[in-house]
Structure formats: structure tokens, C-alpha cells
Amino acid sequence: MIPKNLKSLNDFIKKNKIEVIDLKCIDLTGRLHHISLPVYDNILSDLLKEGVGFDGSSYGFRKVENSDMILIPDLETAVIDPFREAPTLSFYTDVLLTDDARTPFSQDGRYIVKRTREVLKKYTGADTSWWGPEFEFYIFSKVKYDTRTSASFYEIEHAEEFFKNGYHAANPFDVYDDFRDKACKLLKDFGIRVKYHHHESGERGQQEIETYFSDLLTTADNIVTVKYALFNLARQNDLFITFMPKPMYHQSGSGMHLHLFLTKNGKNAFYKKGEYGNINEFGRFFIGGLLKHGQALSLFTNPSTNSYKRLVPGFEAPVALTYSKGNRSSAIRIPAYVTNPDMARIEYRPPDSTANPYLCLSAMLLAGIDGIVKKIDPVKESFGPYDKNIEDYSMKDKIHFLPRNLEESIDALELDNEFLKRDNVISEEVIEQWIQIKMQEINSINTMPHPFEYKMYFNL
């Protein structure tokens, strides 16, 4: 067990002959960065006091003319990095400005999460939000892709191919069960408990690993860690994995479903026996907030152009801003198999792993808080419950759906963002910068000819 306080960590470093301190941080888009420091006496004390300076403009945080920033390790996140040859102790970091007060950077995802926790307690009385992510991803044996002025292509080789459906497929057809076993053992070493793993429905290598519940900040950190661990494990095994929402045509998309509930005084704040799904009024208001702001949320939960190739009817895609106990096309599902009152929860199904987890989880929680504060009743708002196929309802024209593409998601956020600014948790500056980043991605893709366009138009 790795200690989490300064004195014990200093002893741990000496006892285990740690040679490197590694500081990790994601940028606004969710891409992981790190910097390594050779160990010397009292290095942690110096890092807590002075931090490490870095170029914030290279992370997309600041402009070039004012880009100096500081990384400070969070001792609570200490873990041995198994992918380094030298014994390495790794930390996630908080980002500070270089002013005299060492002010926390308002766009730092971990700072946003901490502010969201404060807002949760202030406005709802709940003490903790609990999150259980499902990680869906594909494993390929070989991948090639490139985009140049005169060429654009991707080519995938996969070791699996089922006749119809790979869901819970058994070996020998489930080729990567041993890989998932290794991944779960590795995640345990990182302090992440795995609930289960299995082959997902995608016929050509889709996998799922589901982890147990953790608090808001720990879950956001864990999402970054899971991706880091799986990418590195795949490389060690000469495999390729991707968390892209839709890496292949006519194959199931990969999401990052998020199970969540709140607690008050240590007790589940959503539970009431006998109510629909055993979810009480407090929980329904939370559902109402999530669905009311679902279109705007999509720019944080589904922030890539590829996200909307997954969010289409069919393939159990959660496209409808509705809730139910079993309808997997609904954005919110109340798991019908849960009988433990302590585990009464909802599952928000739209998110995918292209999201910045700190922004994604914070935005979701702020939407739910808004629903509680404003007492948004999902039934009165026609959000459900809908337990049949939505196509079977005569009132389906009243049902709202998620945006069809990233442009619509931007439009939705521009029209609906006040719930994010409660107590200035996600500032106008963050929202504007996020929209600008996404517009740049859209423009890059819109100006690049697609290989399928050659098939459609080359000889027209």
C-alpha cells in the first residue's frame, strides 16, 4: 500500500529505491502529458512548495505571450508506474498560475471537479456523488492510417469475426479474455477495482471493462488511468486498442456509460422503495436536469465528430432524451437488476471516452444539480418513463433527441449553458475555448476529402 502523506512517502521513496518522480496532467482536450524528475533528497517537499514550471500554451491552456504555469503533485494520487524501466512514482497534478497567490487555474479539470463538489453540497445537501464507468473499446491486431495531401486511408486487421453478435462470447472465439485478465490485474495495482469484464457485441474485437463506484475526483482520475494502462498494455502485447466511439462501419459503437447516485449523510439519496425504478423525487429531479440539458451536455459527453457516428438509431444507441428501466435507446436507464437500496442508481448512456472526464463528469453533475434546484420533473417534461420501443409511441413527436452531429451540439451549448456557470464553476472563458477547439476540429475534417467521397463522386 502506497502512503499518501509527505513523511511516509519520503520513507517509501527511500525504502523502494524510487529513481523518478513523474507528474501527469491532461490538457483541455483530454490528452495526457507528463514530466519526469530524477529523485533527490526532499524532492517532494520542493515540489509541493515550488512545483514544476511548464509551457501552458503547449497544453492549449494559455497564450504564448503569457504561458508560464505550475504543476503541483497531488500526494493522494501516488502510484508506481509499471510501464517505466526505472522505479517511478507517479502523481496527478493540480495546475496553478504563476501569480504571488499561486491561484488555481480555472480551466484545470481537477480544479473544476473540486469546485463542482462544493456546489453539490451547497445547493443539494448531498455530500458525495458516486460514479461507476463502463469502458468499451476495440482491440485490433494491426492498424494503419494516414492523411496527407494526396492520400487518406485507414486499414484494420482483427483476429475475431463472429457470425452475428459477440456479446459475452466464450473462448476460443473470445480471443482477448487473457488480455482483459491482465488488464484487470494491472488496474488493481493502480488501485482501481474491476467489477467484471467481457466481450462486447461488436463482432470484430469489441471489449468491455466495468469498474466499481468511486467519488467524483477519483473516478475522473481513474478514467485517465484506465486509458493510460490499456494503451500501454496493448503496446507491450503488440496489439492496438481504440476508444473511438465508431472505429468501424456497421459495427457496434463504443461508449462510456456512467452509473451514478448521490449520498446524504452516507445514505443513498436516490432510493425510495416502490417508486418507479425505486428512484425517489430527489433522484427524479436529478434525472430531469440531465435530460433537460442533455443536448448542451453532449458537447462535453460526446465531444468528437466520431461520437455522432455512434449516436444513430440502432445498435442500442442512446439517442432519445428519455428515461426508462430497460429501454437502451433512452439516454438514462435505471438498472432493473439492482435490488440493494445502497446501490439504487441511474445510468447515463450517451458519453464516450473521447470526453475530457473532468469536464464530462462535472457538466453532468451540474446539470443534475440544476434539476434538483429547479425541481425539473421528467414526467411533466415528457422525458418518460418510456419502457417500450420509442417508435411504438404515438407521442414520439414530443420526444427530444440528442444532437445529430458536433455542429448541433455546439449550437445547443451556445443556447443552454447557464447551468454550467453556477458559482462560476465552468466559466464563460472555458465554454468559449471549448467551443473554439471543437470548431477547429470540425473545420479540419470538413476541408479534408473522405475516401468514400471518391467512391461516390470520382467518376460522376
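I looked up where helix 5 (residues 216-236) touches helix 9 (residues 357-374); helices are DSSP runs of H or I with at least four residues, strands are E runs of at least two, and both are numbered from the N terminus. Leu216, Leu217, Thr219, Ala220, Asp221, Ile223 and Val224 of helix 5 meet Pro357, Tyr358, Leu361 and Leu365 of helix 9, contact being heavy atoms within 4.5 Å. By class, I noted 9 nonpolar, 1 polar and 1 charged (Ala, Val, Leu, Ile, Met, Phe, Trp, Tyr, Cys and Pro are nonpolar; Asp, Glu, Lys and Arg are charged; the others, Gly among them, are polar).

The model is predicted, with pLDDT of at least 70 needed for local features and 80 or more for side-chain atom pairs, while totals for chains, interfaces and linings use all residues. Numbering starts from 1 along each chain as its sequence is written, and side-chain values use heavy atoms, without hydrogens and water.

Next I checked helix 4 (residues 177-189), which has 13 residues. Its buried residues are Asp177, Phe179, Arg180, Ala183, Cys184, Leu186 and Leu187 (buried is under 20% relative accessible area, exposed over 50%, partly exposed in between, with a 1.4 Å probe and protein chains only). An α-helix has 3.6 residues a turn, so residues three or four places apart point the same way. The cover over the buried residues of helix 4 includes strand 7 (128-140), strand 10 (194-199) and helix 5. After helix 4 comes Gly191, with a positive phi near 85 degrees.

Last, I looked at strand 17 (residues 330-333), which pairs in the parallel sense with strand 16 (residues 320-324) over 3 bridges; pairing takes at least two DSSP bridges. Ala320 stands opposite Ser330.

Methods. Axes fitted to C-alpha atoms, helices over the stretch in contact; angles between N-to-C directions. Expected span 1.5 Å × (residues − 1).
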